[in-house]
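Subject: Model for your files, with notes on salt bridges

Hello,

Here is the structure I said I would pass on. My notes on its salt bridges follow below.

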Amino acid sequence: MSPWSWFLLQTLCLLPTGAASRRGAPGTANCELNPQQSELNSFLWTIKRDPPSYFFGTIHVPYTRVWDFIPDNSKEAFLQSSIVYFELDLTDPYTISALTSCQMLPQGENLQDVLPRDIYCRLKRHLEYVKLMMPLWMTPDQRGKGLYADYLFNAIAGNWERKRPVWVMLMVNSLTEVDIKSRGVPVLDLFLAQEAERLRKQTGAVEKVEEQCHPLNGLNFSQVIFALNQTLLQQESLRAGSLQIPYTTEDLIKHYNCGDLSSVILSHDSSQVPNFINATLPPQERITAQEIDSYLRRELIHKRNERIGKRVKALLEEFPDKGFFFAFGAASQ
């Protein structure tokens, strides 16, 4: 259990809500998805107070893939709550512009000037491959909505030569056929933010963009080059058919819909940072991979969860007569 979950359980009287008999139990990964709402699991907890507040674990996939499997009690909790809080304010234009600014190299620098030549050339070749394949990856439904491959590629990878290497690494990691097919539908977090706005609920965020962005920019140059190289190697192996990813987006969605809280697969949804620890790595590279993993766990999970937990507690203490609905990523807890 992470510090965030432990903090909430100890200080906020957090109680599991809904069908708990199968939640996190062995075998839930193999559950048969049941259309009966009363028998579905969900990542919802009640914070015991009057009026009650709720803590709901989300997932970073198109909401249409999970919405029908979220029990009615979770949806009812959302509707009943007068204030909805997210990690970031996803409907604020400043959030997007601040995230964009945080990803950019200092003025006057380009990726070609920063990266080793061989890695830069491999990166460019891979992005050319993605651009070539994207029209084939897109679905008829996407095309029917007027979503064109060139537009989508530019929306995701445009201005990539001006981005910091760590953000290019994350971009490459997400530029896959599965990811492209899901574009155009809001992920669950964004859908809930849009619904809260439509219902004219008060909304807020517990984090600043800089708090999510700066830890990634804090990796040193050699660590970032290692991470980018490993990401490119993985994508090149996938293209060659010599590698199969152990956990797919489909696996992630199934475990979430089954209410499998303990699943290791859900951890692969947090922050979209790939796991570089690999038994086949040479000893020195394995040390680098472990250093990156330890740093990201410390900055993006442990420190972040403690910070978020304190802010949630402060909000509940400041507004004891308000019902909150906190929607945070299930994987980061």
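How far apart are the closest N and O atoms in the salt bridge that Glu195 forms with Arg198? They are 2.9 Å apart, a salt bridge being a side-chain nitrogen of Lys or Arg within 4 Å of a carboxyl oxygen of Asp or Glu.

Before the rest, the conventions. This is a predicted model, in which local features need pLDDT of at least 70 and side-chain atom pairs count only at pLDDT 80 or more, while totals for chains, interfaces and linings use all residues. Residues are numbered from 1 along each chain as its sequence is written, and side-chain values use heavy atoms, with hydrogens and water left out.

Glu195 and Arg198 are three residues apart in helix α10 (residues 188–198), so about one helical turn separates them. Helices (H or I, at least four residues) and strands (E, at least two) are DSSP runs, numbered from the N terminus. Arg198 is exposed, at 55% relative accessible area; exposed means over 50%, buried under 20%, and partly exposed in between (1.4 Å probe, protein chains only).

In helix α14, Asp293 and Arg297 lie four residues apart, about one turn, and their side chains form a salt bridge at 3.1 Å, N to O. Asp293 is partly exposed at 22%, as is Arg297 at 44%.

Glu87 and Arg304 also meet in a salt bridge, at 2.6 Å, N to O. This pair links distant parts of the chain, 217 residues apart: Glu87 is in the loop between β4 (83–86) and α3 (93–103), Arg304 in helix α14 (residues 283–318). Both residues are buried.

The whole structure has 15 salt bridges.

Regards
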